[in-house]
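The following paragraphs guide a new reader through a protein model. Please keep the sequence and the structure in view while reading.

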Amino acid sequence: VVVTRDGRREVAPTPPADTPRASPAEAAAALAAFVDAVAGCDQDALEELSPAGMPASQELLSGIASNVRALALTSVSARYLDQVGTVSADGSWTGSAELTWQLEAFDEEPARSDVAVRFAPDGDGLAIAGFEASAGDGSRLPLWLRGRLSVARTSDVLVMADGPASVAEATAARAVRGIDVVRRVLPDWRSPVVVEVPASAAALDEALGAEPGTYAGIAAVTAPAGDPADLDGPVHVFVNLDVSNGLRRVGAQVVMSHELVH
């Protein structure tokens with residue numbers, strides 16, 4: 001007796017796995033809430049955008065609120081562009097956003113650049129866990145998004161420093177002296193000066209969207225505050241503390257005066 005079968009076997013369909021997914025709509029909503037909070041200088045609203053149980057994110061957003069007030073930031077906008085990478089097991093993911101910002105009374109036009117935003121699930125939507133830079137896609141991390149800064153200003157100079165107030169004040173004093181030097185040759189020059197001082201050479205690379213190590217040996221550089229392709233955007237002086245801290249007072253002053261000529 002021979003018994004044969006056709007080899008087929010009925011299998012019940014497996015329900016789809018509940019895997020985390022990126023939500024562009026929720027990301028756009030989180031960015032819109034961020035812009036509204038910045039426009040209103042609302043520290044509480046900014047802190048509420050941080051994920052629950054992540055005090056570092058709350059501290060970051062609180063510092064950003066302080067920067068918005070101290071720098072008189074205007075023209076801030078954020079438009080969601082695309083997902084970057086994959087979604088983590090905890091549901092967090094990175095998205096790219098086009099960001100604009102302007103320093104009132106110092107920048108004639110807004111700066112514009114792509115910025116990487118870290119999103120994390122929070123309740124029924126997304127929260128903002130932080131901001132990042134990715135040299136691979138040209139995105140940068142503007143200094144005012146790194147957390148609370150020290151700010152020093154005069155009528156002609158605005159300095160923002162990721163460090164103690166003494167760094168901002170000393171940098172502002174060098175800029176004031178440098179303006180006097182430049183006006184001896186260009187007496188009609190009246191452009192206001194913005195100086196950004198990241199905490200390290202690595203942070204300087206991130207602020208300028210450069211590959212790691214690009215500015216490791218450079219004391220300072222004059223560069224667009226946003227996308228270099230935006231020819232109407234503001235130009236700032238960026239100081240590399242890792243190098244300038246090793247200079248004597250006269251050397252540091254020469255560097256600043258040289259950059260102001262640019």
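Two strands are said to pair if DSSP finds at least two bridges between them. Helices (H or I, at least four residues) and strands (E, at least two) are themselves DSSP runs, numbered from the N terminus. The model is predicted, and local features need pLDDT of at least 70, side-chain atom pairs count only at pLDDT 80 or more, and totals for chains, interfaces and linings use all residues. Residues are numbered from 1 along each chain as its sequence is written, and side-chain values use heavy atoms, with hydrogens and water left out.

Strand β2 (residues 93-103) and strand β3 (residues 111-122) run antiparallel and are joined by nine bridges. Within this pairing, W101 has A111 of β3 as its bridge partner.

Strand β3 also runs antiparallel to strand β4 (residues 125-132), to which seven bridges join it. Here R118 is partnered by G130 in β4. Two residues lie between the strands in the hairpin of β3 and β4, where G123 takes a positive phi near 65°.

Positive phi values are also found at residues other than glycine. A72, situated in the loop between α3 (55-71) and β1 (73-84), has a phi near 55° and is not a glycine. Relative accessibility is classed as buried (under 20% relative accessible area), exposed (over 50%) or partly exposed (in between), using a 1.4 Å probe and protein chains only. A72 counts as partly exposed because its relative accessibility is 25%. S75 lies in strand β1 and, although not a glycine, has a positive phi of about 55°. With a relative accessible area of 39%, S75 is likewise partly exposed.
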